[in-house]
Amino acid sequence: MSLGDILGAVFSFENYGEILALVQTSVWAGAVLGLLGGLVGTFVMKRDLAFAVHGISELSFAGAAFALLVGTDVVAGSLVGSVVASLLIAFMGGRAREKNSVIGVLMPFGLGLGILFLALYEGRAANKFGLLTGQIVAVDTVQLQLLAVTALVVVLVLVAVWRPLTFSSVDPEMAVAAGVPVRGLSVLFLLVLGVSVALSIQVVGALLVLALLITPAAAALKVTSSPRLTLVLSIVFAVVATVGGILLALGGRLPISPYITTLSFLIYAVCAVTGRVRRRRGANGRVLAAGEKERTTPVAA
Amino acid sequence: MIDERLIDDLWLSPRPGPTALDSEVMTRVADAPAVRLRGASLAFGARPLWTGLDLDVRPGEFFAVLGPNGSGKTSFLKALLGVVPLTAGTVEVAGRPVGRGEGIGYIPQQRSFAADTPLRARDLVALGIDGHRWGVRLNRRSVAARVDELLATVGAGSYARVPVGQLSGGEQQRLRVAQAIASRPRVLLCDEPLLSLDLNHQQAVSRLIDAQRREHGTAVVFVTHEINPILDYVDRVLYLADGKFRVGEPEEVMTTEVLSELYGSRVEVSRVNGRIVVVGLPDATTHHHEHQDPHEKEPA
């Protein structure tokens, strides 16, 4: 394959308008998932759960592969896998280190199960590949509705527990002292995360789900510490990556996920450099007004 | 502000009943203990930390809890927070059974935040105002105004927008004070808040805590292993050691006789330049190694 052929495969925009009309549903699905990923991702970062996302996605993949094998709904299969993984992590992993080892044990087991089910499956190879790398072009109107409704439920749940969830994520000891049900919120969030992972897998696949649930929020945190700005940027980055990735992918002959992950990564790279430059300049928001200076000499009591 | 439930409590109280006079009831409410323990005991396994503790901490009182490692100081505070249940007896904080966090402000040990914690100084303080409420924050402007007020109180205005992970230990503890007093608590529970701070910040933070109880009548329960930084403010002391305890003013408790009796060995207490110096404490570390007792460690 010559360089020209490769470029042609990556970018070619013949009949772009016609194709776009055909895949409108997919673009909407991408936007919904971007919104969800960016939103949930901010809490994933606050709670340091990046590894859990990966663990959940592997079991979700196993669930989807099983559904494919027995011929039931793949989305339902991946939801079941996700929720089982979330509950296992929630109830078996107490502290951070314990949690990580539970996830580390679950992850290869899930992936192994998934490969087993796919090996037994005798249908189209594209279906198999799609579970791992995403297949958003296959989204139809019914699926989009399901996606939108589930995403809406997740958003409403998060809005309902927003403040105590934030409190228990960033400052758990104080949250306990203030009477926040930290344990219950932890289980609830893992369930929310499980559902979000299962939905995201439909677009980017089990292997690349981190690009939706981690990278945008991590990028946002590189450039700001303000909770509101983090949220806005994270959602914007995720939507730009998914919708932008889908629109770019329409021009070529390749799967969608590399476009999404690459966009996501580029956004992160730009943010990381920006953050580093800013930090080096010492711009962290400190104001050194004459009257408000930190006292440096002891004061007699 | 009078809490109606408190008045109910007084009417139901088995102690000398209140008269019908409103003014007298109000005086009594103001005098109602901020912390009340009756027959309180706490044990870990077979080892009692303390037993039969009856205690009233008055509003506006600065109450220090002292003792060696493993004596149950931190567990005492956790019992007041409702995190650790008592083995026997009852505990009430701000006139209510513990566990719901109402009326309580908590100042933890200084423990640094990760450098990339997505939280600025003002966000940390705001959590103390409404972090425990459900839903999203709708009254952003009034919360922001209250945060500014609290930051000014603790002298943290200049770093309001700095990520908490980039602040020094002393700056973080000032924010902890602001966060703890944000809900206008009746009781401030402080768990070694001066630990790992330098002398300036120890003074600054304890002055802030003292100001809060003087200006707002907040009771302060202050767990520490070192009384000197707060000696000027302390009204009474609870000294825990070896399953025994003593309550009283510092002059009564911090004496050679009392501490020797608590520890069961000769401990010399003297005063040098207004500081209390204790000599001859059983060395906690050596003690542990000699006995190899698994219960000796302070529970997490």
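**Exercises on a sheet and an interface**

Val35(B) stands opposite Val57(B) in β2(B). This is a predicted model, in which local features need pLDDT of at least 70 and side-chain atom pairs count only at pLDDT 80 or more, while totals for chains, interfaces and linings use all residues. Residues are numbered from 1 along each chain as its sequence is written, chains are lettered from A in the order in which they are written, and side-chain values use heavy atoms, with hydrogens and water left out.

**Exercise 1.** Determine the strand order of the open sheet in chain B and which strands stand at its edges.

*Solution.*
Step 1. Helices (H or I, at least four residues) and strands (E, at least two) are DSSP runs, numbered from the N terminus. Two strands pair if DSSP finds at least two bridges between them.
Step 2. Seven bridges join β1(B) to β2(B), in antiparallel fashion. The two strands form a hairpin with two residues between them, and Gly45(B) in the turn has a positive phi of about 65°.
Step 3. β1(B) also pairs antiparallel with β4(B), over five bridges; Arg36(B) has Glu92(B) as its bridge partner there.
Step 4. β4 (residues 88-93) of chain B pairs with β5(B) over two bridges, again antiparallel. Here Glu92(B) has Pro97(B) as its bridge partner.
Step 5. The order of the four strands is therefore β2-β1-β4-β5, and because β2 (47-57) and β5 (96-97) of chain B have a single partner strand each, they stand at the edges with one side lacking a neighbour in the sheet.

**Exercise 2.** Describe the interface of chain B with chain A by its contacts, buried area and salt bridges.

*Solution.*
Step 1. With contact taken as heavy atoms within 4.5 Å, 42 residues of chain B touch 36 residues of chain A.
Step 2. The buried area (accessible area, 1.4 Å probe, that two parts lose on being put together, summed over both) is about 3500 Å², and carbon and sulfur atoms give 53% of this. Pro118(B), Trp134(B) and Ser158(B) supply 18% of what chain B buries against chain A, more than any other three residues.
Step 3. A salt bridge needs a side-chain nitrogen of Lys or Arg within 4 Å of a carboxyl oxygen of Asp or Glu. Four are counted between the chains; one of them joins Arg286(A) and Glu171(B) (2.8 Å, N to O).
Step 4. On the side of chain B that touches chain A, the elements giving two or more residues are α4 (121-130), α6 (169-181) and α7 (199-216) of chain B.
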